[in-house]
Amino acid sequence: MRKGIRATSKYRLMKSRIFFFGVCALSSLTMIPLFLILWELIKKGYKQFNLSLFTEVAPTSMEAMLARISDSPIPGGILNGITGTLLILAVAIVIAIPIGIMAGVYLAENQDKKLANLVRNLSDLLQGIPSIVIGVVVYIWIVIPMSGYSALAGSIALSVMMLPMIIRSTEESLKMLPVSLKEAGLALGGSYTSVVMRILIPSAFSGLFTGSLLAISRVMGETAPLLVTALGAAAVNWDVTNPTSAISLLIWEFYNDPNLADLVWSSSLLLLLFVLGINLIAKSIAKRWKIQ
């Protein structure tokens with residue numbers, strides 16, 4: 001009897017260890033592509049990773065060709081792409097986050113209503129639409145009526161892509177809150193609006209903020225919708241009604257010009273560091289503000 005129990009225990013322990021090491025091995029495999037990408041970008045991009053990258057606009061093809069002939073670093077940087085990315089993202093954040101949070105609150109508070117189910121299904125459907133399709137639709141909605149490309153059109157395209165993640169993260173974060181929290185606020189005489197704005201949303205701040213940061217990192221590297229909305233610009237632009245550049249657009253332009261190919265790596269490395277930083281910030285905030 002005891003021998004049978006011991007044999008069963010050993011078998012279960014062995015199976016548990018095999019499963020554990022198998023999970024660790026497969027998890028390590030998923031990290032290999034990331035490390036290979038980082039190594040490739042660092043190896044080829046560090047030469048152009050200097051102060052000029054952040055303080056000068058992108059060079060022309062002629063300037064890059066002369067630098068390659070003289071075997072010197074390509075002059076210029078991607079300042080116009082950095083400022084354009086910040087401008088487009090700032091406007092997209094102003095558009096997407098309030099709408100996404102309010103929609104998420106509505107879904108969390110009206111889970112069984114037909115309109116809520118419709119909004120939820122449309123949000124899930126929107127998340128699966130290719131980015132270029134969203135860009136073409138925004139081109140029809142914004143670019144054609146405005147008779148020109150603009151940072152505003154690019155921001156609207158990115159905000160549409162951000163909405164599904166913000167909506168669902170807000171809904172799930174509010175669902176995690178205890179019902180007694182809302183009941184206590186209403187029992188103390190607070191209106192429904194004040195309870196939502198002053199109690200529920202601050203209590204779910206971790207999920208809301210994390211979802212918003214992940215949505216930002218999700219769209220930061222998008223190129224296709226910006227090609228048909230923001231178009232790009234050779235100079236620094238802070239006017240939302242004019243065409244503007246972005247880091248992802250510059251990477252596309254550099255890739256199509258053999259003389260500027262070296263700047264692809266440094267620009268890609270910078271963009272990857274931006275996205276990685278946002279994801280790390282989101283994870284640290286989620287841990288600090290974790291709902292108990």
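E172 is partly exposed, with a relative accessible area of 37%; here buried means under 20% relative accessible area, exposed over 50%, and partly exposed in between (1.4 Å probe, protein chains only). The structure is a predicted model, in which local features need pLDDT of at least 70 and side-chain atom pairs count only at pLDDT 80 or more, while totals for chains, interfaces and linings use all residues. Residues are numbered from 1 along each chain as its sequence is written, and side-chain values use heavy atoms, with hydrogens and water left out.

The partner of E172 is R168: the two form a salt bridge whose closest N and O atoms are 3.7 Å apart. A salt bridge is a side-chain nitrogen of Lys or Arg within 4 Å of a carboxyl oxygen of Asp or Glu. Because E172 and R168 are four residues apart in helix α7, about one helical turn separates them. Helices (H or I, at least four residues) and strands (E, at least two) are DSSP runs, numbered from the N terminus. R168 is also partly exposed, with a relative accessible area of 23%.

A second pair involves helix α7 as well. The side chains of E171 and R120 meet in a salt bridge, at 2.9 Å from N to O. This pair links distant parts of the chain, since E171 belongs to helix α7 and R120 to helix α5 (residues 114-127), 51 residues apart. Both E171 and R120 are buried. In the whole structure, a search finds eleven salt bridges.

Another of these pairs is found in helix α1. E40 forms a salt bridge with K44, with the closest N and O atoms 3.0 Å apart. Both residues lie in helix α1, four residues apart, which is about one turn of the helix. E40 counts as partly exposed at 25% relative accessibility, and K44 is likewise partly exposed, with a relative accessible area of 36%.

Beyond helix α1, the chain reaches F49, which lies in the loop between α1 and α2 (51-55). F49 counts as partly exposed, at 29% relative accessibility. Which residues does F49 contact, leaving aside its neighbours within four places in sequence? They are F54, S266, L269, L270 and L273, where contact means heavy atoms within 4.5 Å. One of these, S266, is found in helix α13 (residues 262-288) and counts as buried because its relative accessibility is 0%. With the neighbours within four places in sequence again left aside, S266 is in contact with G45, Q48, F49 and L53. By contrast, F49 and R168 are 38 Å apart in space, C-alpha to C-alpha, and 119 residues apart in sequence.

Attention now turns to helix α6 and what follows it. V133 is found in helix α6 and counts as partly exposed at 39% relative accessibility. Together with I132, V136, V137, I140, W141 and I144, V133 forms a nonpolar patch on the surface, with about 620 Å² of accessible area together. Patches are made of residues with over 30% relative accessible area and no salt bridge, like charges being joined within 9 Å and nonpolar side chains (Val, Leu, Ile, Met, Phe, Trp, Tyr) within 5 Å. Accessible areas come from the Shrake-Rupley method with a 1.4 Å probe; for residues, only the protein chains shown count as cover.

Two loop residues have positive phi values. S147, in the loop between α6 and α7 (151-175), has a phi near 60 degrees, a positive value in a residue other than glycine. S147 is exposed, with a relative accessible area of 70%. L231, in the loop between α11 (224-227) and α12 (247-255), has a positive phi of about 70 degrees although it is not a glycine. L231 counts as partly exposed, at 40% relative accessibility.

An unreviewed entry lists residues 82-282 as "domain: ABC transmembrane type-1"; UniProt positions are given in the numbering used here, feature names are shortened, and annotations may be inferred rather than shown by experiment. Over residues 82-282 the chain is 77% helix and 0% strand. The record also lists several stretches under "transmembrane region", including 86-109 and 148-167. Residues 86-109 are 100% helix, with end C-alpha atoms 34 Å apart, and residues 148-167 are 85% helix, with end C-alpha atoms 31 Å apart.
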